[in-house]
Amino acid sequence: MSADASDLSLVRRVQRGDKGAFDALVLKYQHKLVKLVMRYVRNPAEAEDIAQEAFIKAYRALPQFRGDSAFYTWLYRIAINTAKNAVVSRDRSPVEYDLDRNNNDESYDMQGRMKDSETPEGLVLTDEIRSTVNAAIDALPEDLRTAIVLRELEGLSYEEIAAAMDCPVGTVRSRIFRAREAIDRRLREVFEGGLGRAEELG
Amino acid sequence: MNEELDSQLSAMFDDELLPAECELLARRLSRDEHLKARWGRYAIVGAVIRAERGVRLNAPLAGRVNAVLLAEPALAAHTAPRDRNQVRLRWWQPLAGAAVAAGVATVSIMWLRAQAPLPGQLVAQVTPPRQASLPTASSPGQGDSYIVPRPKPAAVMVPSTELANYVVAHSVFSNPVTRRNLLSAFMTSEAPATGTQEPQSNVKAIAQ
């Protein structure tokens, strides 16, 4: 089993001109990347902007990516550099930033809030996702819950989980899949049930 | 949706799928929107379990990135052959670099030598011939005396020292072997010389 093989398959497809494969990489790593960037900036909206910039930089630099390191290591490095540069450039012009804020009227704040998606609807939706996923995890049978938590929280490989749970690797794969399916089913019920924002799940 | 396919997708998400299967699934994933949405939800589940609280899980970041990239041209379709070329080029780069460095060093040495006489040469010319200052013969009535030969003036070493310093200062542009050859050539060229100039053709030969 080759580590990072799935990322590399997607990367090779992007390098051959398949933009859809890059979508999959963004979907997979967007949360991790935003979380990483938030070590440097507190504002979630700013963190998202930086993460977006990092993804775009990564896309443009992908022709030079040879796969010597794991894709996510390479991507994280780009994100960290982008975040550091953003912090430096922001710190260099704090006066301009303040002036801009002071000179603009109230509409600035409104636009800023809308852009940040810090609307009550957005926050409720976020909480709802969390509570749905957490409730679904709690409802899982013990062996499925242990498998998915060991994978997602501890970052263990299937082989390590198999050793920890004293079962074959194939069983681990099946348990993690079934856990995800159960959680996913609950998520789809929530989002297809009326909020009408299933398209934003990705 | 095929359960086996979904199971493979879950394994691929965890980097636990065989590379050959990854290739096939990656192709399908890049085109199938339903599969991609499921893939995105797997990422959300992971984010919630890890309690990535700073992240707004409904953030349409992927959509924003996608919108920007729509305006971008697709990456070159023949990256793989270009990689092979790059590998081949990378193999030749040290040799090409060494050749360029040697050429630069040669030109620099020739240029330095062609400039106004170096300090060492001036000293050598101004210094009167050593024989003139030495007593040639004992005068009658004077006792024999032994003359201790003076050490060579340090100024004679200046040209090579300067050149050596120059080479060391520009060592970034030359490889270690060429640099060592040049430095040793300077030292050996000074041994018989008393301020005489080394033939440029020799320097060129050494540098190359």
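## A walk through the two-chain model

Start by selecting chain A, where you will find ten helices and zero strands; helices here are DSSP runs of H or I with at least four residues, strands are E runs of at least two, and both are numbered from the N terminus. From that terminus on, the elements read α-α-α-α-α-α-α-α-α-α.

Before going further, note that this is a predicted model, in which local features need pLDDT of at least 70 and side-chain atom pairs count only at pLDDT 80 or more, while totals for chains, interfaces and linings use all residues. Residues are numbered from 1 along each chain as its sequence is written, with chains lettered from A and ligands numbered from 1 in the order in which they are written.

**First stop: the overall chain A.** Of its 202 residues, 34% count as buried. Buried means that 20 or more other C-beta atoms lie within 10 Å of the residue's own, exposed means 12 or fewer, and partly exposed is in between, with C-beta atoms placed from the backbone. Contacts are pairs whose C-beta atoms, placed from the backbone, lie within 7 Å. Among the contacts in chain A with a separation of 6 or more, 59% join residues 24 or more positions apart.

**Next, the core.** Select A:Val26, A:Leu33, A:Val37, A:Ala51, A:Ala79, A:Val133 and A:Ala147: of the 64 residues in the largest nonpolar core, these touch the most other members. Helix H2 of chain A (residues 19-37) gives the most to this core, eleven residues. Such a core is a set of buried Ala, Val, Leu, Ile, Met, Phe, Trp, Tyr and Cys residues joined through C-beta atoms within 7 Å. Now zoom in on A:Leu33: which residues does A:Leu33 touch, not counting those up to four places away in sequence? They are A:Ala51, A:Ala54, A:Leu75 and A:Ala79.

**Then H1 against H2.** Show H1(A) and H2(A), which pack at about 145 degrees with their axes 7 Å apart. The axes are lines fitted to C-alpha atoms, for helices over the stretch in contact, and angles run from 0 to 180 degrees between N-to-C directions. On the H1(A) side, pick A:Asp7, A:Leu10, A:Arg13 and A:Val14; they meet A:Lys19, A:Ala21, A:Phe22, A:Ala24 and A:Leu25 of H2(A). By class, these residues are six nonpolar, no polar and three charged. Here Ala, Val, Leu, Ile, Met, Phe, Trp, Tyr, Cys and Pro count as nonpolar, Asp, Glu, Lys and Arg as charged, and the others, Gly among them, as polar.

**Over to A:Leu150.** This residue sits in helix H8 of chain A. Why is A:Leu150 counted as buried? Because A:Leu150 has 20 C-beta neighbours inside 10 Å. Leaving out residues up to four places away in sequence, A:Leu150 touches A:Leu156, A:Ile161 and A:Ala164.

**Now bring in chain B.** The contact takes 67 residues from chain A and 56 residues from chain B. On the chain A side, H2(A) gives the most, with 13 residues. That side has 33 nonpolar, 14 polar and 20 charged residues.

**Last stop: colour by pLDDT**, the predictor's confidence in each residue, from 0 to 100. Chain B averages 66, and 40% of the residues score at least 70. The model as a whole scores ipTM 0.73 and pTM 0.56.

Terms used: Contact = placed C-beta atoms within 7 Å.
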